[in-house]
Amino acid sequence: MENAINNAQSCAPERKKRILSCIQSSGMPTLGNYLGALKNWKLLSDEFDCAFAVADLHAITVRQDPQKLKKQIMEMFALLLAIGLDPEESIVFIQSHVPAHSQLAWILNCYTQFGEMSRMTQFKDKSASHADNVNVGLFTYPVLMAADILLYQADLVPVGADQKQHLEIARDIANRFNSVNGKTFTIPEPYIRKSGARIMSLQDPTKKMSKSDPNPKAFISIFDSPETIMKKVRSAVTDSEGGVYYGEGKEGVNNLMEIYSCCTGLSMDQITSDFEGKGYGDFKKAVGEAVAEELRPIRERYEDLMKNQDYLKATAAKGAEKASRIANRTLDKAMKKCGFVLL
Ligand code: AMP
Ligand code: TRP
């Protein structure tokens with residue numbers, strides 16, 4: 001009897017939690033973006049019900065060259081497929097193909113206070129660095145991000161530290177809308193990665209690796225050739241002490257160990273014992289090779305995909321269709337609650 005109950009329980013279909021995340025289309029990601037975010041998306045897609053998008057509407061909050069933007073949107077979409085996201089299993093789409101994002105963003109703008117947007121640190125930073133174009137889109141950017149998340153009734157949103165404040169505001173907006181109009185949106189939780197890889201600059205390991213670093217030696221782009229990768233790792237800043245182990249004051253070595261561990265799956269202790277008695281030259285060679293090997297299949301798949309623009313467009317269209325089905329359902333629900341007349 002007890003067994004029968006247990007069996008019945010284990011057979012009951014449990015709804016998988018839904019995850020949504022987006023990546024901006026501006027510029028090719030770095031090894032930091034890959035190990036810190038994108039590689040994780042692939043792992044999550046095996047476990048959860050996932051929707052992933054290229055956040056192209058967000059890109060025009062800073063001035064873009066239209067031809068360049070168009071190219072970057074398709075490149076980012078191809079990259080999402082190249083890292084192994086399966087468009088049959090997950091919803092992989094381009095934000096601007098689903099008009100519900102802009103539509104819900106307008107509604108949510110009316111549930112967001114001027115004061116709370118003014119407190120967003122990214123707005124303060126970006127309005128300082130783009131002082132000649134402090135547009136209203138830049139100001140309400142977190143509201144569009146809230147719409148991205150709430151449209152899909154996402155349970156979990158994997159975000160890095162820089163986006164935590166925006167996720168917090170999405171939760172506040174959802175709670176406010178729900179309390180005025182009745183339960184409409186799922187309140188999203190941040191998804192904190194188990195292994196929180198934070199990859200640092202190769203030239204200044206106290207700073208995060210970033211594609212906007214003026215020194216190209218400081219970051220590895222996801223499409224750097226194996227030769228470039230080897231060269232950049234060889235010139236990475238280390239220390240004069242010479243031992244491969246994780247420790248204080250060894251930020252450069254710690255960072256290379258972190259990178260090596262992410263690419264090979266080896267623990268820090270294992271790496272230390274593997275390189276005992278060896279110098280930084282040997283270690284850097286191994287790190288460079290591991291990174292090149294990690295990125296090689298992605299680059300190859302990406303190159304194949306980019307040769308097949310028709311396939312990319314058809315896949316984007318299918319993704320948009322699947323995304324729209326969920327998004328429009330939520331949008332209709334929200335519009336109805338507000339009192340709009342649905343036809
Ligand atoms: P960004 O390109 O800075 O807008 O970041 C996009 C995503 O990649 C965010 O989720 C970041 O947390 C992640 N990311 C960016 N740079 C790094 C890095 N150096 N190490 C780990 N994750 C990163
Ligand atoms: N703002 C995010 C970034 O710059 C990208 C983004 C847009 C996003 N919409 C989102 C991330 C929704 C998570 C969920 O990285």
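Reader: In this predicted model, how are α2 and α13 oriented to each other?

Author: The axes of helix α2 (residues 31–47) and helix α13 (residues 280–306) lie 12 Å apart, and the two helices pack at an angle of about 65°. Angles of 65 to 115 degrees count as roughly perpendicular. The orientation of α2 and α13 is therefore roughly perpendicular.

Reader: Is Asn181 buried or exposed?

Author: Asn181 has its place in helix α9 (residues 164–181). Its relative accessible area is 19%, and buried means under 20%. Asn181 is therefore buried.

Reader: Which side chain is joined to that of Asn181 by a polar contact of 3.1 Å?

Author: Leaving aside residues up to four places away in sequence, Asn181 touches Tyr111 and Lys337. The polar contact of 3.1 Å joins the side chain of Asn181 to that of Tyr111.

Reader: What is the phi of Gln153, and is this residue buried or exposed?

Author: Gln153 is located in the loop between α8 (136–151) and β4 (156–158). With a relative accessibility of 16%, Gln153 counts as buried. Most residues other than glycine have a negative phi. Gln153, although not a glycine, has a positive phi of about 50°.

Definitions and conventions: Residues numbered from 1 in each chain as written. Chains lettered and ligands numbered in written order. Predicted model: local features only at pLDDT ≥ 70, side-chain atom pairs only at ≥ 80, totals over all residues. Heavy atoms only, no water. Helix = DSSP H or I, 4+ residues; strand = E, 2+ residues; numbered from the N terminus. Buried < 20%, exposed > 50% of the residue type's maximum accessible area, 1.4 Å probe, protein only. Polar contact = N/O pair within 3.5 Å; in protein donor to acceptor, adjacent residues only side chain to side chain. Contact = heavy atoms within 4.5 Å. Axes fitted to C-alpha atoms, helices over the stretch in contact; angles between N-to-C directions. Parallel < 35°, antiparallel > 145°, perpendicular 65-115°, else oblique.
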